[in-house]
Amino acid sequence: MQLRPQLGRSTRSLTTSTTSHNVRQQQPASLARRLLFPQLRPGSDLPPLFLSPACPPELDDEVYDFIALALRAFVNTWWTKLTRYDKEFLPQITSIVTHVVHSLEERLLNTDLSLLVFGDIPALITQHYRDYRQAVSKASTSYATGGALSLPQLFHQLQPHMAISPDGSIDEEYFRQAFNHILRECLPSEDYAPEVERFIVREIILKVVIKDVIPRITQPWFLQKMVLDMLGPCPDVSEQPSVSSTSARGHSRFSKSNIIVLLLSAIQKLSGACIMLIHAYKQVIYIIPVVNQTSCSRTRPALTALTSAEDEPPPVSVTPSTSSASSMHEGTPHAVVSPDLTHGPLGMISEVFQVQDRLAATALVHFVSLFCCSFQTFMNKLLCYLLYTYVLSASSMISVVRVSKQTLFPNGYPGPVPVDPTAEEQVAIREQLVQRIAERVPALARTVLLGDPAVNTLYGVVDALNDGACNRHLAVFVVDAVLLSVFPEMGS
């Protein structure tokens, strides 16, 4: 009598598992399963792409989907014309890509990316603004051969690089050799030996990075539109006339009701400020112990092998300019043992907004710098905590992969080249960006920190990224910095 309920429960559990398995089998196979893993049984899971336990399965699925879209667009279109029956070519390429991803994941986990994000990249942006403004000041002078040299050519004289020409054209062979070195370091010898698969993977990476991504993101209007999208819609100003009319009526008719309204408004603002202070206090109390437990002790691989050659210029990257040698050396983590991670961002902000032209802004930056130096250890840990918790988190990576898929493959295939905005539309985007930034800054802070009028300072910030050829110089140097951070042997 007691065996019947147990038998019934076991039968129901078996039926449930069988039903769920049948449902998984009836689901349509994804593109990654059909192209990259045709040998897998229906309903089975794809092999994990990332070995770190912190990576969620959603990231594997999104990256696999991106790889499948890229191979279908750039390989399957011509491979099916050669042979329609070979189904092993794309899985073999997938195996090579998987080895590369595993090796890159291991190197990234052993690399202190905070030195790159808060040291090298701010130094490059600072030098870009400094050299651009210097090139603008030299235009139409004897330094420009009486005006014969254009602005990109003057900028190229300040930031020469073997991978980019004075007119902003990128040398594909430079990056082809760099990507070939990455494959040689990441792949086993038996996978690196076949040239066909290796060349296909290399050319796909070259096509996506050099021909699609860099030329697009270095366009001035694209950068301005991206910042506009990040700022969100403009604030609603529909209620401003009613407020002004109310104040006008208050001036014309001073009564007890107006005093009560003003008093209640003041109490409401005061209570809101108190609530914000209480919330900020709770956040500070919570984040201080968490940040103190954060460790930024990860160092770059093969650092001891590079100490003897740290004074030599790396062959992958050429120093941007003679005046930037000292600043780039300060931003390089090999020059100091315990770097101050706040020095680079503060220097970048000072140069971008030309803080030295305004006394109040200069005093504020010096005060913040003094505070950061006084609490250098805590600020370094705080920046590392924010970087690895919010910027380089799994959710952020998933969002980046999804946006990349929608941008590069809008309908599952490479979309047509988007039409650039007209000159009038680009000017409108620039004006809208400046006005949006000015609206987001409070009036008092806008006058004190950005000067009067603040729009002139913001125009100077936007105009330094208003030339595509100069922006491509910055993109090339950033790619070099990333490669040297992950593959430091390339600079030896």
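Select helix 8 (172-186), a stretch of 15 residues that reaches 21 Å from its first C-alpha to its last, close to the 21 Å expected at 1.5 Å a residue, where the expected span is 1.5 Å times one less than the number of residues. Helices here (H or I, at least four residues) are DSSP runs, as are strands (E, at least two), numbered from the N terminus. Residues are numbered from 1 along each chain as its sequence is written. This is a predicted model, in which local features need pLDDT of at least 70 and side-chain atom pairs count only at pLDDT 80 or more, while totals for chains, interfaces and linings use all residues, and side-chain values use heavy atoms, with hydrogens and water left out.

Within helix 8, colour the buried residues, among them Tyr-174, Phe-175, Arg-176, His-181 and Cys-186; buried means under 20% relative accessible area, exposed over 50%, and partly exposed in between (1.4 Å probe, protein chains only). Then show what covers them, which includes helix 5, helix 9 (189-192), helix 10 and helix 23.

Next, centre on Phe-175, which, leaving aside residues up to four places away in sequence, touches Ala-163, Ile-170, Leu-206, Ile-210, Val-476 and Val-479, a contact being heavy atoms within 4.5 Å.

A search of the whole structure finds zero disulfides, meaning pairs of cysteine sulfur atoms within 2.5 Å.

Zoom out to the whole chain, which has 23 helices and zero strands, and of whose 492 residues 36% count as buried.

Finally, colour by pLDDT, the predictor's confidence in each residue from 0 to 100, whose mean over the chain is 81. Select residues 237-252, where pLDDT stays under 50 and the model has one contact beyond four places in sequence, and then residues 299-336, where pLDDT also stays under 50 but the model has 70 such contacts. Where pLDDT is low, the predicted coordinates should not be read in detail.
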